[in-house]
Amino acid sequence: MIDQGRRRKNEEARQKVRSRIQKRIDTENYEFIPAKKQIDYYDNDVAQRVAVYARVSTDNIQQTTSYELQKKYYEDFVVRHPNWTLVKIYADEGISGTSLAHQFNQMIADSRAGKIDMIITKSVSRFARNVVDCISMVRDLADLPHPVGVFFESECIFSLKDDSQMALSFQATMAQEES
């Protein structure tokens with residue numbers, strides 16, 4: 001059995017909780033500041049200028065199929081989003097991910113010039129295989145006056161989401177180990 005003193009304390013605690021929950025807001029002394037909408041890859045309501053980056057690491061004739069299929073797939077992918085405009089497909093063929101390629105550099109320059117809102121690529125390893133290059137490039141793009149996000153489709157990572165940095169670091173490390 002619970003003694004009367006303990007029962008009274010429990011009831012007082014319940015009343016405190018109820019009074020806090022039922023408290024009215026004084027609208028004269030209250031300012032509502034709505035949360036900023038976080039940029040999200042999945043937000044189809046926002047018009048975005050989209051670039052695609054495709055790359056194969058060798059100039060082996062068998063990889064030509066992969067290269068062409070990547071370009072075709074992402075062209076169709078962008079078309080399926082009505083508020084997206086395809087800026088360009090930047091594609092490097094026969095270039096190792098450990099070195100930055102011509103089309104990749106052009107895409108970054110166009111991003112800095114404000115021509116691109118989002119970059120889509122198949123995976124972290126297609127974007128860069130060096131952890132430092134990958135992370136620093138993604139951060140540089142996010143820090144532009146008009147931030148540019150990178151969506152890594154295979155890993156489902158969008159670089160402008162607050163929780164993407166750890167996953168991106170892990171995947172970039174894995175990509176570097178592969179190379």
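Phe104 and Phe127 are both buried, where buried means under 20% relative accessible area, exposed over 50% and partly exposed in between, with a 1.4 Å probe and protein chains only. Their ring centres are 5.0 Å apart and their planes stand at 70 degrees, so the pair is edge-to-face; rings of Phe, Tyr and Trp (its six-membered ring) count as a pair if their centres lie within 6.5 Å, and planes under 30 degrees apart are called stacked, over 60 edge-to-face and the rest tilted. Because Phe104 belongs to helix α3 and Phe127 to helix α4, the pair ties together parts that are 23 residues apart in sequence. Ring pairs also link Tyr53, Phe104, Phe127 and Phe152 into a cluster.

This is a predicted model, in which local features need pLDDT of at least 70 and side-chain atom pairs count only at pLDDT 80 or more, while totals for chains, interfaces and linings use all residues. Residues are numbered from 1 along each chain as its sequence is written, and side-chain values use heavy atoms, with hydrogens and water left out.

By the ring rule, the count comes to seven aromatic pairs. One of them joins Tyr74 and Phe77 edge-to-face, at 6.0 Å centre to centre and with 75 degrees between the planes. These two residues are three apart in helix α2 (residues 61-79), which means that about one helical turn separates them, and both Tyr74 and Phe77 are buried.

Ser111, in helix α3, is buried with a relative accessible area of 1%. Leaving aside residues up to four places away in sequence, Ser111 touches Ile116, Ile119, Leu141, Leu144 and Val148, a contact being heavy atoms within 4.5 Å.

The sheet is open, with five strands in the order β2-β1-β3-β4-β5 and mixed pairing; strands pair if DSSP finds at least two bridges between them. At its edges stand β2 (84-93) and β5 (157-158), each with a single partner strand, so one side of each has no neighbour in the sheet. Helix α3 (residues 102-112) packs on the sheet, touching β1 (48-56), β2 and β3, and its direction makes about 150 degrees with that of β2, the axes being lines fitted to C-alpha atoms (for helices over the stretch in contact) and the angles running from 0 to 180 degrees between N-to-C directions.

Strand β3 (residues 118-121) runs parallel to β4 (residues 149-152), and four bridges join them; four bridges likewise join β1 to β3, again in parallel. Ile119 of β3 stands opposite Ala51 and has Val150 as its bridge partner in β4, whereas Met118 is partnered there by Gly149. Met118 and Ile120 point one way from β3, Ile119 and Thr121 the other way, and all are buried.

Taken as a whole, the protein chain has six helices and five strands, which are DSSP runs (H or I of at least four residues, E of at least two) numbered from the N terminus. Of its 179 residues, 35% count as buried.
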